[in-house]
Amino acid sequence: MQRIGVFVCWCGSNIAGTVDVQAVAEALKTEPGVVFSTNYQYMCSQAGQDIMKQAIKEHNLTGVVVCSCSPRMHETTFRKTAAAAGLNPYMVEIANIREQCSWVHKDMPTGTEKAIILGKAAIAKVNLNTPLTPGESPVTKRALVIGGGIAGIQTALDIADAGFEVDIVEKKPTIGGKMAQIDKTFPTLDCAACILTPKMVDVAQNEKIRIFSYAEVTDVKGFVGNFTATIKKKARYVKEDVCTGCGICTEKCPQKKVPNEFNLGMDNRRAVYIPFAQAVPKVATIDPDHCTMLKTGKCGVCAKVCTAGAIDYTQKDEFIEENYGAIVVATGYNPISMDKFDEFAYNQSKDVITSLEYERLMNAAGPTAGKLLRPSDGKHPHTIVFVQCVGSRCSACDEKGKEYCSKICCMYTAKHAMLTRDKYPDTDVYVFYIDVRTPGKSFDEFYRRAVEDYGVHYIKGMVGKVMPEGDQLKVRASDLLANKQINIDADLVVLAAAIEPDKSARPLATMLTASMDTNDFFTEAHPKLRPVESPTAGVFLSGACQGPRDIPETVAQAGAAASKVIGLLAKDKLTCNPCVASSNEIMCNGCSSCANVCPYGAITYVEKEFRQPDRTTLVRRVASVNEAVCQGCGCCTVVCPSGAMDLKGFANNQIMSEVDAICK
Amino acid sequence: MENKNLREEIIRRSGVNPLKCMRCGKCSGTCPAYDEMEYHPHQFVYMVETGDIEPLMNSKSLYKCLTCFACVDRCPRGVEPAKLIESVRLSVIRQQGNNHLNTDTIPDIIDEEMPQQAIVTALRKYNK
Amino acid sequence: MKVSYFPGCTLRTKAKQLDKYARRAAEALGVELEEIENWQCCGGAFTTSTDEIATKLSSVRALNEAKVKGQPLLSVCSACHNVLKQTNDAMKNNADFAFKANNYCEFEENYAGETEVIHYLELLRDKIGFDKVKEAVKNPLTGKKVAAYYGCLLLRPGKVLQMDDVENPTIMEDFIRALGADPVVYPYRNECCGGYVVMDDKESAKKKSSKVLESARLAGAEIVLTACPLCKYNLEKSGMDMPVVYLTELLAEALGVKED
Amino acid sequence: MQIENKKPLIVAFCCNWCSYAGADLAGNNRLNYPAEVKIIRVPCSCRVNPMFILRAFQRGADGVILCGCHPGDCHYTSGNYYTRRRMALLFSMLDYLGIERDRTRVEWVSAAEGAKFAATMNDFVEKVTALGENKRLEDLRCKK
Amino acid sequence: MQKISRETLIEKAKELLQNGTVSSVLGWKAGEFSYDVTPATFNSVEELEKDFVYNDFCGANFSKYLVKATIKAEGKILVFLKPCDTYSFNQLLTEHRFNREKVYVVGIPCEGMVDVEAIRKAAGEGIVSVECTNDGLVVDTLYNGKVKLAEQDVLLERCKVCKSKKHVAYDELLGDEGEVIESKRFDEVERLEKMTPDERFAFWQRELSRCIRCNACRDICPACTCEQCVFNNPKSGVENKAAANSFEEKMFHIIRAFHVVGRCTDCGECSRVCPQNIPLHLLNRKFIKDIDNFYGEYQAGAEVGSRAPLVNYTTDDIEASDAVRKGDGENA
């Protein structure tokens, strides 16, 4: 039998104004288990807490009921008070007689009657409470960052800076991501490579950071503080630790006609290649789809010219397992395919290109060495049309475009237009826009400069059709402000393609049990208050995998994610919420219903031996709850057919006893 | 309000929701009959949305739409302006004596090679 | 192979060649065109309004007849194909319309869009195969520069017609290649010829049609190919010096069945 | 027979994260609703076992209402979706047994919807009051 | 279709015992009367030939017995399953209740099993024997002498509205795999739904008041294989200490029906064994009908590993209030 103390709070007149606190304390005195009952003006005050402490000691209380404000307000306070007096904090229950009683009812008899019933319910519950101890789980002090773009790089650097080990897994042969392909950055027009490559070098040189390039995460197990990831290191047929990155193989390889993905197929690379000059790690990779040696067994030129002896045609994919305390997703984005938008003739003319392709055309390290030349004939274009919102804000057909605004296009198009006019004042530049969206520091000023200082023609309206005729592109569009349909003979058309999450994100989300929205962007734990955490504990979000964003936002978020990771890794042990599910193994059928509904994957099954009445042993499959992962929603308890699964702190019999207390 | 009823009827009959329009003007940027029209496809959508239907009903633009569906296919929001135009046109020609094509004049319009297809389609589009 | 065939009114009169060569070529390719009994004019255009029922019933009847026979329903005229296909889609996906139409028609069993509606080009591509067509060609049109004119009706609305990529189709070009000729791709191939508006505004149609032919000429076309009698009429009336022929005629020529 | 206008007894199960907070907000804003409503706090609406509801009815409750986060907003991401299925089936079953359908309800109340909480309770109590005392679930197997 | 005979089954069982495929057979054994058959385990050919029976009274669903039998058995167990039994079999596999490797399933065709109660009604009390012939049943009674009955008239309720002749699990078939068939099993539920709430309440009060809480329905139910039933669990709040606990007493059938939602294969055993003839299956069928109606058709046990409706959801599921209306046949 419990020895329960009841403390009725007046909350000044907040409660006492509508509830006869004296009568409540008196009425609850005779409830089963109650050995002490009192009332006080402010239970949450120091004096009030002292009364509770003293009563706990004096009356050897095993349980406490506080009739006061909402538990959302002071449950923690009173639990701490109880703990200070040596009582298990989970032996405290609150009867909410303020928000849910005195404040919503007007007359004293009604309020008092209800307060007594609420008090009885809390007492009934405490009678069945058991002391709970929060579990602990150790933390592996290493983080995994998935994706090696600017988001992943910044997160890794910040975590490493705090002294923790970080691994970056990047599926491409080099880190750098999309930012490495970009020419200049808005609104300052810094050279992207100039600000990115030093960071890449920092990553390479940081002792705390390991880079797994040309690698993918294929499996993740475990939970916050204790993840185990399987990483597939794809065979690059070059010994990473031997290759010096001299590049001689990439010059001598006879297979010259491989589309260069770094330049988006606008020029060619060899079958053995280093993506770009500042690649990290600066190691060659052999493309098995194009290497003659790997395909036919005849060639071997690269092995012959490699003085370091780094080429290894027999290399196989390698799988390694590593332990991590936290995982950061930084899988980034890609422009969507333009196949479904061929009214813009992307597939019909080489001179219709995407904005990212335009970046490469403008870039000194790009296919044209920075000269603006048309892909079709290498001529200098004189009239350029930019089309905004291609596939963004598109709700028409399923899977055609994206319903959201891609956010970055307005600004990078202003940048393209401005740079083009700056370098080539003889070009006419038209930008067709629906809206120009430039919220951001110095953003609108930047766009206005393109119009006012650089003479870019911004036309409100959309391009309806692009028709390649001869060596020209006939652009038919509407000018909504002039209420005219206009036709422009353009030399080059640049499409601001919508961006979408990388295709690898969806399977990764499944592995991590992290949730995604319908567009395959990762969902945050709370859109306002926990924007860089996934709802899955220990999984954090960095960059465009969460939604379209530009570089400064990405870097800011990368830092925020890193600080969350650091906060986690700084702990030696994690304290778990003790109000978690637990399964009574004797009753468990092993039917898997609970595991099916668990949103956290907290339930696994183990084979367990049971002694039978006839002294034989029997091995049965039973559920086992990982207390570090369980968040205590209780969904499993309801689907459990045998009632083997129960929730600590909100047990079946506790809730039943509350029902009974209220109903009679 | 009569206009409000008319607006509702036009919208219901077309099966189109003009509120989905984000005013990008792509329909008008793609329309092959743009130059013959007094009110252009994007204006049709906007004017139906705001209930400014009278001018549309009195406009020759109604009979210039080719029903080529270019605007329907290219609209990023699935607004389908051609269906709205058809709906407004039906509101006109379904009224007594409002046929657009005078059947007596058909012999003057057609020639030897004119296919039946043109006549039946025009009758369907222009007459009750 | 047997398919149900919906010729359409124009093919009985002004576009007899389109029909005649369609039948001959099909026969040569081993396909039997079984004409739908008592078919009525499709009406030339599919009214998109949701309250138009009666004008679509002739199509529903034709579709149902093909369903009863268990055959796909074939047409060669672009307009008929467009109307049949859109009506079929409405019967399949618009419950309200299907309910009302079925009420009018009183079929033994309600029609719910079961019939596969195909255009002659789809018959050649999907049922016979362009490779088989190529094998059957007796007089390859080698070196002939042929421009395909799709117009609107064959392709749009894309999500209903589903014949090909609406903006960058290839079916007619592949067809031209199968006949041994060289397809000419030009930007106006899926732009409107002016259509029925010719009844209201001859100038409008002329303007549009001449743009189409001018575009084809610039791209080096010798002849222009079409499946639609109205397109053919408008293009020919544009005053441009460019022969316009039905695709079935060209097919019959290549298969060697054109002359009697 | 005794005709007495007895006040109904209503049990409200509220999830900790949205609806319980919504009820607190109703209190903060002093939005009145009948004292017949007694709230039981659960971590998530999906914690509510149909047995709790049946127990309440059998012990004399006249109405049971379950409040949770709006679909899509569950603190535990998916709990209320399961709640919705369970309660759809349970309520349909109770209706099938001839129990008045206005005695049960599921309502989605967010932490910001104090006014909705109060309005919902007012409406629910009114409906249940109109039905009178709950006899049926108590009587279902009574051997008269 | 030719009915399967006892001899055919014994022949098959012998073959499998002798070639070592199985080491025991789960089958039927005659009880006191010929219509009173009970499940039994046979370990040898001799035992089989002596006691094995198979007739129109072999309605019992063997699936549930496998949970215990597979634990005890050393080798494989041969079990003869009718189509409806195979659904329960799969459902139990979905719930990991026994090891599939330890069972050898021979699927046997079924044209329906007969109901002793129905025979009693038709032929009168005092049944001495029942002979199953190819053209009907010959019932010998104390008071009415020999009575001939057509099988169709005395079928078990569940067989009259048989939902499927398809074997969804087997190692071997005697006969065809069979097909899912159109069934009128929801007609009675619909009839109840069309009643007024008062009429429905009166109906259920009349039916459920007859319950004597013998637990036969629970004990036979293939979905009730819990290691410990909630009604025996002191912590569940519904423990059946004595029939005095009125909560458990009053709510037993609702709770039980809810416990098997999405897991009940509609095998009808609960109603078959009820000594008070309470149509318990109408509770389960209501749930099944609602599930089909709200969430799309779902047949428990149709495939192993399928996700039952209560452990699944979609983001646009029907709201509870709409469900009540829709469940009642109204337009939601």
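Two strands count as paired where DSSP finds at least two bridges between them, a criterion that the legends below, which describe a predicted model, rely on for chain C.

**View 1. Parallel pairing of β1 and β3 in chain C.** Strand β1 of chain C, residues 2-5, pairs in the parallel sense with strand β3 of chain C, residues 73-75, over 2 bridges. Within this pairing C:Tyr5 has C:Leu74 of β3(C) as its bridge partner.

**View 2. The open sheet of chain C that contains β1 and β3.** This sheet is built of 4 strands in the order β2-β1-β3-β4 (chain C), and the pairing within it is parallel. The edge positions are taken by β2 (32-35) and β4 (117-119) of chain C, each of which has a single partner strand, so that one side of each is left without a neighbour in the sheet. Averaged over the sheet, and with direction ignored, neighbouring strands are turned by 40° against each other.

**View 3. The two domains of chain C and the contact between them.** In the domain assignment, chain C is divided into domain 1, covering 2-120, and domain 2, covering 132-255, and the C-alpha centres of these two domains of chain C lie 23 Å apart. The contact between them involves 23 residues of domain 1 of chain C and 19 residues of domain 2 of chain C. On the side of domain 1 of chain C that touches domain 2 of chain C, the elements giving two or more residues are α1 (16-28) and α3 (78-93) of chain C, and the largest share, 7 residues, comes from α1(C). Sorted by class, this side of domain 1 of chain C has 12 nonpolar, 7 polar and 4 charged residues.

**View 4. Chain C as a whole.** Chain C has 11 helices and 8 strands. Its radius of gyration is 18 Å, close to the 18 Å that the globule rule gives for 260 residues, so chain C is as compact as a globular protein of that length. Taken along the principal axes, the C-alpha atoms of chain C fill a box of roughly 55 × 45 × 30 Å, and 57% of the 260 residues of chain C count as buried. Among the contacts in chain C with a separation of 6 or more, 76% are accounted for by residues 24 or more positions apart.

**View 5. The contact between chains B and C.** Of the 6 pairs of chains in contact, chains B and C share the most contacts, with 34 residues of chain B in contact with 36 residues of chain C. On the side of chain B that touches chain C, at least two residues each are supplied by α1 (2-14), α5 (70-74), α6 (81-93) and α8 (116-126) of chain B, with the largest share, 10 residues, coming from α8(B). By class, this side of chain B has 18 nonpolar, 7 polar and 9 charged residues.

**View 6. Chains D and E in relation to chain C, and the domains of chain E.** Chain C and chain D do not touch, their nearest C-alpha atoms being 27 Å apart, and chain C and chain E likewise do not touch, with their nearest C-alpha atoms 16 Å apart. The assignment for chain E gives domain 1 (1-113 + 163-183), domain 2 (114-154) and domain 3 (187-327); the centres of domain 2 of chain E and domain 3 of chain E, taken over C-alpha atoms, are separated by 32 Å.

Key. Residues are numbered from 1 along each chain as its sequence is written. Chains are lettered from A and ligands numbered from 1 in the order in which they are written. This is a predicted model: local features need pLDDT of at least 70, side-chain atom pairs count only at pLDDT 80 or more; totals for chains, interfaces and linings use all residues. Domain bounds come from an automatic or database domain assignment. Two residues are in contact if their C-beta atoms, placed from the backbone, lie within 7 Å. Ala, Val, Leu, Ile, Met, Phe, Trp, Tyr, Cys and Pro count as nonpolar, Asp, Glu, Lys and Arg as charged, and the others, Gly among them, as polar. Axes are lines fitted to C-alpha atoms, for helices over the stretch in contact, and angles run from 0 to 180 degrees between N-to-C directions. The radius of gyration is taken over C-alpha atoms; the globule rule is 2.2 Å times the number of residues to the power 0.38. A residue is buried if 20 or more other C-beta atoms lie within 10 Å of its own, exposed if 12 or fewer, and partly exposed in between; C-beta atoms are placed from the backbone.
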